[in-house]
Amino acid sequence: MNPINASFTLPCGAILPNRLAKAPMTERISDAHYEPTVAHEHLYRLWAETGAGLLITGNVMIDKDHMESAGNVFFGDEAMIPKLKAWTAAGTLNGNHLWAQISHSGRQTNRFVNPNPKAPSEVQLKKLFLFGKPVAMTRDDIEKVIVGFRRAAKIAKASGFTGIQIHSAHGYLLSQFLSPLTNRRTDEWGGSLENRSRLLLETVKVCREEVGNTFPISVKLNSSDFQRGGFTESDSLEVVKKLSNAGIDLLEITGGTYEKAAFFLGKDEKTQKESTSKREAYFLDFAKQVREISTVPLMITGGFRSYDFCNEVLASGACDLIGMGRPFIGNYDRIADFIHGKVSYLENPPIRTGFKAFEDAAEGGYYARQLIHIADGKGLKANLNPIACSLFLVTHEFKKAQEKKNR
């Protein structure tokens with residue numbers, strides 16, 4: 001048996017049937033009431049049928065006024081649990097795990113949802129024309145965030161999700177608190193790394209109190225923001241130590257923010273010219289540093305494409321799970337054969353416009369459009385125009401926000 005096919009037991013006792021995970025990707029397909037639809041059921045049934053041991057949802061939000069996408073699902077009302085149960089039933093039909101990624105977008109709330117979102121400090125995200133000027137949170141606002149994460153964890157468990165992931169990466173609210181670029185507070189929630197990591201650790205604490213010791217809790221954490229003056233690798237390693245003591249079951253390592261989108265385009269341009277390990281696993285070097293200071297199980301997401309290399313990394317002990325995102329869109333019908341070694345490589349060609357300023361928007365828009373097409377039962381759409389894809393996120397978000405306002 002190759003390592004990717006082996007089961008894995010988490011510290012809480014839950015068992016994953018194999019080592020391949022579908023990493024979180026925003027679905028953008030909720031209904032006018034921020035609830036899941038039959039499209040969620042169809043999409044996650046397809047992904048469950050791939051045989052992957054773990055599926056992690058895209059952002060499900062804890063605050064209706066702070067949606068990363070107007071098409072997100074909002075975990076704020078227990079009345080929606082029956083609809084959530086239909087989603088989890090479809091997404092676990094193969095005996096796999098399905099975890100809800102719970103999140104607050106902070107300043108990354110798109111302007112069609114909230115033109116003046118709350119954030120650690122008044123530092124605006126100027127990207128994709130989608131984000132307004134944020135308002136600095138009060139202490140009461142921060143306490144409400146902690147309560148919101150706890151409520152979302154409760155709803156997730158009651159709805160049949162088999163675990164949760166707390167999103168503290170890619171520039172969302174918990175990640176904003178960690179970074180000195182976006183957290184310029186001078187109170188107990190800012191300044192030192194001890195203070196900047198306080199909200200993440202409080203969130204983990206209340207979620208664990210809510211779901212108990214046998215329910216998996218994961219954290220998604222940046223290795224770095226890849227921005228001068230931001231959250232660094234040394235910062236991240238210190239936070240890993242704190243999370244190790246907090247009793248999480250899995251740490252997913254990633255990197256970048258909307259302003260420096262390493263999670264879409266690779267850590268930097270040099271990775272395209274370096275060795276297989278550099279090209280395929282953007283964050284492998286950082287994972288090795290984590291292994292030296294922590295025994296928390298690790299999942300690396302970013303760049304994995306070849307079967308042999310996935311097994312090589314797992315066999316080396318560098319990580320415990322392989323996370324893939326875009327292959328579950330562009331190659332969703334080949335994942336099952338990949339797990340069993342019948343497909344050796346999952347090709348996802350980069351989407352390029354030829355204009356540097358539009359590249360990450362084109363990449364994000366392309367996969368967002370394809371995901372929605374698959375969820376609607378139409379399969380992959382051929383010959384999408386990269387320029388049109390770069391505009392898709394803005395147009396789609398506007399339409400989804402209007403749908404909510406007009407209900």
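Helices H6 and H7 are roughly parallel to each other, a label given to angles under 35 degrees. The model is predicted: local features need pLDDT of at least 70, side-chain atom pairs count only at pLDDT 80 or more, and totals for chains, interfaces and linings use all residues. Residues are numbered from 1 along each chain as its sequence is written, and side-chain values use heavy atoms, without hydrogens and water.

**The helix pair**

H6 spans residues 198–211 and H7 spans residues 233–246. Their axes come within 10 Å and cross at roughly 15 degrees. Axes are lines fitted to C-alpha atoms over the stretch in contact, and angles run from 0 to 180 degrees between N-to-C directions. Helices are DSSP runs of H or I with at least four residues; strands are runs of E with at least two.

The crossing of H6 and H7 is right-handed, meaning that the near helix is turned clockwise from the far one by less than a right angle. H6 contributes Leu200, Leu201 and Val204 to the contact, and H7 contributes Val239, Lys242, Leu243 and Ala246. Contact means heavy atoms within 4.5 Å. Six of these residues are nonpolar, none is polar and one is charged.

**The strands around S12**

Strand S12 covers residues 298–301. S12 pairs with two strands, where pairing needs at least two DSSP bridges.

| Pair | Sense | Bridges |
|---|---|---|
| S11 (residues 250–254) and S12 | parallel | three bridges |
| S12 and S13 (residues 321–324) | parallel | three bridges |

Ile253 stands opposite Ile300 in S12. Thr301 stands opposite Gly323 in S13.

Key:
Angles under 35 degrees count as roughly parallel, over 145 as roughly antiparallel, 65 to 115 as roughly perpendicular and the rest as oblique. Ala, Val, Leu, Ile, Met, Phe, Trp, Tyr, Cys and Pro count as nonpolar, Asp, Glu, Lys and Arg as charged, and the others, Gly among them, as polar. Buried means under 20% relative accessible area, exposed over 50%, partly exposed in between (1.4 Å probe, protein chains only).
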